[in-house]
Amino acid sequence: MKLLRLVPEQTNFRFMHWRVLSFPLSAIVAVLAVVLFLTVGLNYGIDFKGGTLIELRSKSGPADLAQVRQSLGALNLGDVQVQEFGDPSEVLIRIESQGDEEGAQQDVVESVRATFADDYEFRRTEVVGPRVSGELAYAGVLAVGSALVMIMFYIWFRFEWQFAVGAIITTFNDILLTIGLFSLLQLDFTLSSIAAVLTIIGYSLNDTVVVYDRIRENLRRYKRLSLEELLDKSINETLSRTTMTSVTTLLALFALYFLGGEVIQSFVLAMIFGIVIGTYSSIFLAAPLLMLMKLRANAFDRKEDVTSPSKSA
Amino acid sequence: MLHFARWKIALIIVVVLGGILTTLPNFFPASTVQSWPDFMPKRQIVLGLDLQGGAYLLYEVDKEDYKEKQFIQLVGSIRQALRENPRIGYTGLGIQGDGVQVRIRDNTRFDEAEQRLSELVNPLNSGVFGGATVNEFVLEPQGDGLFRMVFSEEGLDMRLASVVSQSIEVIRRRVDELGTTEPSIQRQGTDRILVEAPGESDPQRLKDIIGATAQLTFHLVSQEMSASQALQGRPPAGTIVVEGADGQPYLLDEAPLLTGEELQDASVAFDQQTNEPVVNFRFNTTGARIFADVTRANVGQPFAIVLDDEVITAPVIRQAITGGSGQISGNFTVDGANDLAVLLRAGALPARLDVVEERSVGPGLGQDSIDSGKIASLVAAAAVVLFMLAAYGQFGVIANLALAANIFLIFGVLTTLQATLTLPGIAGVVLTIGMAVDANVLIYERIREEARAGRSAIGSIDAGFSRALGTILDANITTLIVAVILFSIGSGPVKGFAVTLMVGIFTTVFSAFTVSRFLIAMWVKRKRPSKLPI
């Protein structure tokens, strides 16, 4: 049986050459993402903004969105969004935070419940008060920040500083692009989105580390190669693995996207996007960045003997 | 890398079998599992509230409300202290901003006043080593006869801590009385209480029961003027206007005659004439004595029963009530009367609690999420399995066996640790399925390379495993760092995601380096291959 190969057995792409394209391209996209974030902005969910989210399902037939909107309007709750959610019988209602009074949101839930209890099933109710939402936002920023710092230290400890900086820039780029995607599509940015961003960080680094690992190994083995050739060789050698793993992960995530239900769809969409850009950045950013930082070819010389191929245990 | 000691082989088999056995109960209904023989594991995975349906309620002590209550009491104590013989004249006693102020009229008696007020700072025992005491209030002489009393920071913290403990006790008693659900109630941070009620899809009644302060007080209705007069001007000193359940205002003596703390019991009964539900209550001995004295002294006057700043009923005292029991009637429904009785029996909350976060999921959505999660996981696993077969042939079979072992281990560990599986947790499992084969991919690609570099089949396999090890560890440790951070900051569902991710990382590394390697070693032993099948 002929085995499936995503990329030919031996590739000789000159990735370093393409950095004249990939660097400006990534920079432009990153700037665009920042601009999107600053102008359009994230569509913060109730986790960070406070407010109420209610998912209803009509007890018979499709939900009457116009009527739901009208009934909610009569309750005078400020900014209210009503949308269909996955199925014509399901409605998602978002109600803005009701001022700084902590108890006020509860009155909202009570009145909404009283209004719709006869015709709709309450599938999900989420209420986040102003104080908690502030704390959650702080915790989210703290999480992403501390993850970046700790990983930088880990890579610095395991490799050289250039690798740590390269990995952090690459990861940061992935985060920016993900934030840009959230702004562009106006996906709900919630606690699970933070989880998605952190997972993307994990995955993208996973990819980057695999490439860096090979670079380190080749630096020790091939003394004669120029840095450019060596980086190209390393990426080509790991290319088949990089694509294979991206594909299996994407296969799993697509199954989740289409079959996993409406509730986690935007969470999964963010991850799918993250896997794609994570793969791109570990090939076109992570390694070329090392050239930019003038990684010395003998960076790992003092650590161990370089010429003899290691004997396996 | 391809030699395995016997004990290692035994260990691998035991671990994988353990994973399968501990996962097994999850495939059967709980009732079936209970009838299994004793040596079989019976624990099933714990489903998060988002999967089994239920309510997550985070309460916070209303600090301002609590402070105000304490200040009102403090004002009373200061009034009493200064009125004691010999009386010290004062003016402007009241709550000012974040404290209580009073001005002494006669400057020569300043020291005497300070002496009396300083007895009100209310030392609290911090109780850590029995020694240190902290004063609840700080007395701040402002000069010119002015005193100000404010909360000390430590004092307020200690008070809030005990408010939280008391509230938890009260909530637990109330919920137990209600008897319908068994929520977990726990302290969170300094001033919060988390109530998680699985299976409670409409938490409204639960919220009503938990959130009611249930501060019951008995006041005499003031005869100085009518309530509407008081509303137009200012109510006379020592009286307050309280709204009634019937919408009418009442002018009451501010100081209660009695509070709910003196109650011993409360129960639902039906009025013999109207057949309406009423709540019967009985005071303890002290309460009964005070109640008897008060009613004897005020026959013919109305008094008000006030619950959480609302007059429920204001009957006229017809005769002295010496038996220590009474009745509250006020247009109750049966449920309403029952809830009130529960609240009165369980006691009052020491301060108001606000819901600051609520997440409740109905059982319908929970079941839908489980179903779609199951289908998605199966399809994801099938897709990955097929892909691995297509890409690596015989070695793909081995990778898939390792993947199966991995999945059993994940669920086995989650079940054994009784970790909570949430919807994002299921996503974590699916993500792990996708990424788990990464370890195998790294190894196989490495083997391919080594073979291209001219090594023998066995040599390539050997080198492939040993060289891929470092890479696999590096790659997984970075993901582990992320998972640990997610776990430490995340709440509820996100935490569930972090748990499955962490467990997945360990089982992935384990299955790649023991299960895959062992299976390949077996294969090499049997086939003695000269050429690699990949």
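In the predicted model, strand 5 of chain A pairs with strand 20 (residues 353–361) of chain B in the antiparallel sense, over five bridges. Within this pairing, A:Arg124 stands opposite B:Val361, a residue of strand 20 of chain B.

The contact between the two chains draws on 62 residues of chain A and 63 residues of chain B. On the side of chain A that touches chain B, the elements giving two or more residues are helix 4 (104–116), strand 5 (120–128), helix 5 (130–158), helix 7 (191–221), helix 8 (227–259) and helix 9 (265–292). The most is given by helix 8 of chain A, which supplies 14 residues. By residue type, this side of chain A comprises 34 nonpolar, 16 polar and twelve charged residues.

Helix 8 of chain A contains 33 residues, and the distance from its first C-alpha to its last is 46 Å, close to the 48 Å expected at 1.5 Å a residue. A bend of about 45 degrees occurs in helix 8 of chain A at A:Thr238. Just after helix 8 of chain A, a positive phi of about 100 degrees is found at A:Gly261.

Helix 9 of chain A has 28 residues and should therefore span 40 Å at 1.5 Å a residue; the 38 Å between its end C-alpha atoms agrees with this expectation. Helix 9 of chain A bends by about 40 degrees at A:Ser281. This helix is mostly covered, with 22 of its 28 residues buried.

In chain B, strand 9 (residues 184–188) and strand 10 (residues 192–198) run antiparallel and are joined by five bridges. The bridge partner of B:Gln186 is B:Leu194, in strand 10 of chain B.

Helix 4 (residues 63–83) of chain B includes B:Ala81. Not counting residues up to four places away in sequence, B:Ala81 touches B:Arg116, B:Leu117 and B:Leu120. B:Ala81 and B:Leu120 are 39 residues apart in sequence, yet their C-alpha atoms are 8.7 Å apart in space. B:Ala81 is classed as partly exposed because 18 other C-beta atoms lie within 10 Å, a count between the limits for exposed residues (12 or fewer) and buried residues (20 or more).

Most residues other than glycine have a negative phi, and most peptide bonds are trans. The peptide bond from B:Asn85 to B:Pro86 is cis, with omega near -10 degrees. B:Pro86 is located in the loop between helix 4 and strand 3 (90–96) of chain B.

B:Asp308, in the loop between strand 17 (303–307) and strand 18 (311–313) of chain B, has phi near 45 degrees, a positive value in a residue other than glycine. B:Asp309 lies in the loop between strand 17 and strand 18 of chain B, and its phi is near 60 degrees, again positive in a residue other than glycine. B:Asp308 counts as partly exposed because it has 16 C-beta neighbours inside 10 Å. B:Asp309, with 11 other C-beta atoms within 10 Å, is exposed.

An unreviewed UniProt entry assigns residues 245–351 of chain B the annotation "domain: SecDF P1 head subdomain". Over residues 245–351, chain B is 24% helix and 32% strand, and the end C-alpha atoms are 21 Å apart.

The feature "transmembrane region" is placed by UniProt (unreviewed entry) at residues 375–392, 397–417, 423–444, 465–489 and 501–524 of chain B. In the model, residues 423–444 of chain B are 100% helix and 0% strand, with 33 Å between the end C-alpha atoms. Residues 465–489 of chain B are likewise 100% helix and 0% strand, and the end C-alpha atoms of this span lie 36 Å apart.

Methods:
Residues numbered from 1 in each chain as written. Chains lettered and ligands numbered in written order. Predicted model: local features only at pLDDT ≥ 70, side-chain atom pairs only at ≥ 80, totals over all residues. UniProt positions renumbered as here; feature names shortened; annotations may be inferred. Helix = DSSP H or I, 4+ residues; strand = E, 2+ residues; numbered from the N terminus. Contact = placed C-beta atoms within 7 Å. Nonpolar A, V, L, I, M, F, W, Y, C, P; charged D, E, K, R; others polar. Pairing = 2+ DSSP bridges. Expected span 1.5 Å × (residues − 1). Bend = angle between axes of the 7 residues up to and from the residue.
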